[in-house]
Amino acid sequence: MKSVLIIGLGEFGRFLALKLASLKNEVMVIDKDEEKINDILPLVSSAQIADCSKESVVKSLDVSSYDICVVAMGGSFQSSLEITSLLKENGAKRVISKASGLNHAKFLLKNGADEIVYPEKNEAEQLAVRLSASNIFEYIELSDDCAIYEIPPLKKWIGKTIMQNHIRHNYNINILAVKKDGFMYTNPPAEYAFDGGEHILVMGRKQDIEKLVD
């Protein structure tokens, strides 16, 4: 579980907040619109009506206590820049800002954003899955119940081969590739032995893989 501060409840911010909350994260949301806050309040950990472009508001939030801060505002790009900068200046560990294009992204990165995302819903869902677990490096949704995940091998797999771990039988997943030392090896043989220094790309049902990474 991670603690996430989301500023801005447009379509992207709301979708991200709800998905993160459904994945059992602690989610705090802030928006100037009272109606949006009242609507989402029962579904997240906490919510507050406030204008985060004001330095006094950001200072009152203790942003350094959150694992991740997301600037999900639409409309005023100037406000997004100001809030991104204020979050970093006040000790935010990781700031992810929404951008509407490459030019916006460049300015946000210069003003303290650690990562840029774009406002499509599928981007919000993929981001929520990645942020919820430190051992998910990438996530590609294939359908409502199937996806590809990039994950580290389990500790109990290390020193044993794919065959010895009975991965497909025990976990109901398929290993598509192994990433190691900057290279990707597709369709690794059953005799491949894990050494702990690789990432693996696995495909299967979301519920099976999420149970595995938990």
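**Close-up views of a predicted model**

Just after helix α1, K24 adopts a positive phi of about 70°. Helices (H or I, at least four residues) and strands (E, at least two) are DSSP runs, numbered from the N terminus. The model is predicted: local features need pLDDT of at least 70 and side-chain atom pairs count only at pLDDT 80 or more, whereas totals for chains, interfaces and linings use all residues. Residues are numbered from 1 along each chain as its sequence is written, and side-chain values use heavy atoms, with hydrogens and water left out.

**View 1. Helix α1 and its buried face.** The twelve residues of α1 should span 16 Å at 1.5 Å a residue, and its end C-alpha atoms are 17 Å apart, which agrees. The expected span of a helix is 1.5 Å times one less than its number of residues. F12, G13, L16, A17, L20 and A21 are the buried residues of α1. Seen down the helix axis, these buried residues fall within an arc of 155°, so they line one face of α1. Buried means under 20% relative accessible area, exposed over 50%, and partly exposed in between (1.4 Å probe, protein chains only). The arc is that of the directions from the helix axis to the C-beta atoms.

**View 2. The largest nonpolar core.** A nonpolar core is a set of buried Ala, Val, Leu, Ile, Met, Phe, Trp, Tyr and Cys residues joined through side-chain atoms within 4.5 Å. The largest one has 22 residues, of which I6, L16, L20, V27, V29 and V70 touch the most other members. At least two residues of this core come from each of β1 (3-7), α1 (11-22), β2 (26-31), α2 (34-40), β4 (68-71) and α6 (121-132). Helix α1 gives the most, with five residues. Leaving aside neighbours within four places in sequence, L16 is in contact (heavy atoms within 4.5 Å) with I6, V70, A124, L127 and A128. A second, separate core of 21 residues includes I136, Y171, F194 and V202. In soluble globular proteins, nonpolar side chains tend to be buried together.

View 3. Two strands pair if DSSP finds at least two bridges between them. Strands β4 and β5 pair in the parallel sense over three bridges, and V70 has I96 in β5 as its bridge partner. The chain passes from β4 through helix α4 (residues 77-89) to β5 in a right-handed β-α-β crossover. A crossover is right-handed if, with the strands pointing away from the viewer, the path from the first strand over the helix to the second runs clockwise. Strand β5 also pairs in the parallel sense with β6 (residues 115-117), over three bridges; the bridge partner of S97 in β6 is I116. From β5, the chain reaches β6 through helix α5 (residues 102-110), and this β-α-β crossover is right-handed.

**View 4. The two sides of helix α9.** In α9 (residues 206-213), the buried residues are K206, D208, I209, L212 and V213. Seen down the axis of α9, they fall within an arc of 165°, so they line one face of the helix. Q207 and K211 are exposed on the other side.

**View 5. Two asparagines with positive phi.** N172 lies in the loop between α8 (167-171) and β9 (173-180). Its phi is near 60°, a positive value in a residue other than glycine, and at 45% relative accessibility N172 counts as partly exposed. N187, in the loop between β10 (183-186) and β11 (199-205), has a positive phi near 45°. N187 is exposed, with a relative accessible area of 62%.
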